[in-house]
Amino acid sequence: MVGRHLAKTLATVSLSVTLASGAVRPSSCPSILASGSPFSSCEFPLNFIMLGWNLTEENLHKKSRTSPYPGSNVERSKVPDEKVSWLVKWPEYSPVEYTAGPVLALPAWADPPVGERNFSPKFNEKDGHVERRSQNGLYEVEHGRPRNPAGRTGLAGRGLLGRWGPNHAADPILTRWKRDSKGNTVNHPISGKNMLQFVAIKRKDCGEWAIPGGMVDAGEKISTTLKREFGEEAMNSLQKSRVERQELEKVLHRLFSQEHFVVYKGYVDDPRNIDNAWIETEAVNYHDETGEIMDNVPLRAGDDAKEVKWVDINDKLKLYASHSQFIQLVAEKRGAHWSEAL
């Protein structure tokens with residue numbers, strides 16, 4: 001329990017064979033995007049696109065190159081857009097090496113350094129209880145280290161991330177229809193569409209608004225992570241008494257048994273990503289159609305959250321990492337208001 005919460009704190013300051021050194025991408029992989037994009041159709045299969053991810057130049061791999069690195073004064077090496085892709089030769093590329101001290105202290109949730117005796121990770125496989133497969137297909141391993149499938153970040157090592165390669169997270173998106181004082185759904189005056197709201201938290205580490213989510217424990221089911229993270233961050237379950245937690249568990253069970261759909265699975269552009277470790281998530285939308293489930297359960301910030309509240313969904317939202325794109329997909333899927341542009 002203590003190790004998991006320490007891992008979460010550090011992470012928020014916040015898919016068979018073992019591959020040998022060298023590329024695994026076939027040379028015939030066609031590019032999906034415009035020239036210079038770090039993504040290819042072999043690295044990211046069609047369902048990655050079908051899920052609605054907006055793979056545009058302006059949204060691609062930007063936050064993963066920002067400095068300083070979260071929770072530190074470490075500056076990344078500069079990586080221009082045209083040299084993000086590993087397909088672009090850049091022999092002089094020499095990224096800064098950084099792994100946070102607490103990660104190097106080898107807590108239970110973190111891997112040892114590559115090359116350490118008795119550490120033989122099975123990259124691109126299910127490695128015991130540790131999921132080292134990417135949701136976007138095979139990734140390259142070079143000199144014993146996985147390479148970020150989205151490209152260069154200007155930083156090598158693991159930073160705040162415990163695992164080499166993909167670090168899996170889960171993001172529960174809880175929504176309801178916005179209603180007036182009489183209980184009637186509210187339509188946007190310009191688009192005429194019903195307005196959705198979702199539960200948002202204000203992160204303690206950076207002060208940005210976000211979806212309440214967190215890292216998946218080794219061997220843990222995604223459904224368990226989704227429910228646990230929402231309870232801890234949006235309902236302060238860790239500070240409740242045993243009786244209160246039992247009552248809260250009933251509410252969470254009812255809530256997370258509602259209609260839901262997977263919004264997105266795969267790589268996310270996150271400021272904690274570096275060359276050898278990155279975050280992938282499964283974002284799932286749970287919708288309280290009538291609003292009755294949450295009516296009598298007050299939201300209360302807890303764990304990694306500073307504040308929590310219901311937020312109207314629209315294209316003006318500025319959220320942490322790639323969360324705005326996830327919210328847009330939910331609005332479009334449910335036919336709700338998103339933009340005033342007609």
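Modeller: A search of the whole structure finds 18 salt bridges. The model is predicted, so local features need pLDDT of at least 70 and side-chain atom pairs count only at pLDDT 80 or more, while totals for chains, interfaces and linings use all residues. Residues are numbered from 1 along each chain as its sequence is written, and side-chain values use heavy atoms, with hydrogens and water left out.

Biologist: What makes the pair R272 and D270 a salt bridge?

Modeller: The term requires a side-chain nitrogen of Lys or Arg within 4 Å of a carboxyl oxygen of Asp or Glu. For R272 and D270 the N to O distance is 2.9 Å. That meets the cut-off, so the pair is a salt bridge.

Biologist: Why is R272 called buried, and why D270?

Modeller: Buried means under 20% relative accessible area, exposed means over 50%, and partly exposed lies in between (1.4 Å probe, protein chains only). R272 has 6%, so it is buried. D270 has 2%, so it is buried too.

Biologist: How do you know which class E142 and R147 belong to?

Modeller: By the accessibility values. E142 is at 35%, so it counts as partly exposed. R147 is at 14%, so it is buried. Their side chains meet in a salt bridge at 3.4 Å, N to O.

Biologist: What makes D315 and K316 a salt bridge, and what are the classes of D315 and K316?

Modeller: The N to O distance is 3.3 Å, and the side chains meet in a salt bridge. D315, at 29%, counts as partly exposed. K316, at 54%, is exposed. Elsewhere, salt bridges that share partners join D111, D127, R132 and R163 into one network.

Biologist: Now the helix. What span does α5 have, and what is expected?

Modeller: Helices are DSSP runs (H or I, at least four residues) and strands likewise (E, at least two), numbered from the N terminus. Helix α5 covers residues 242-255, 14 residues in all. The expected span is 1.5 Å times one less than the number of residues. α5 reaches 20 Å from its first C-alpha to its last, close to the expected 20 Å.
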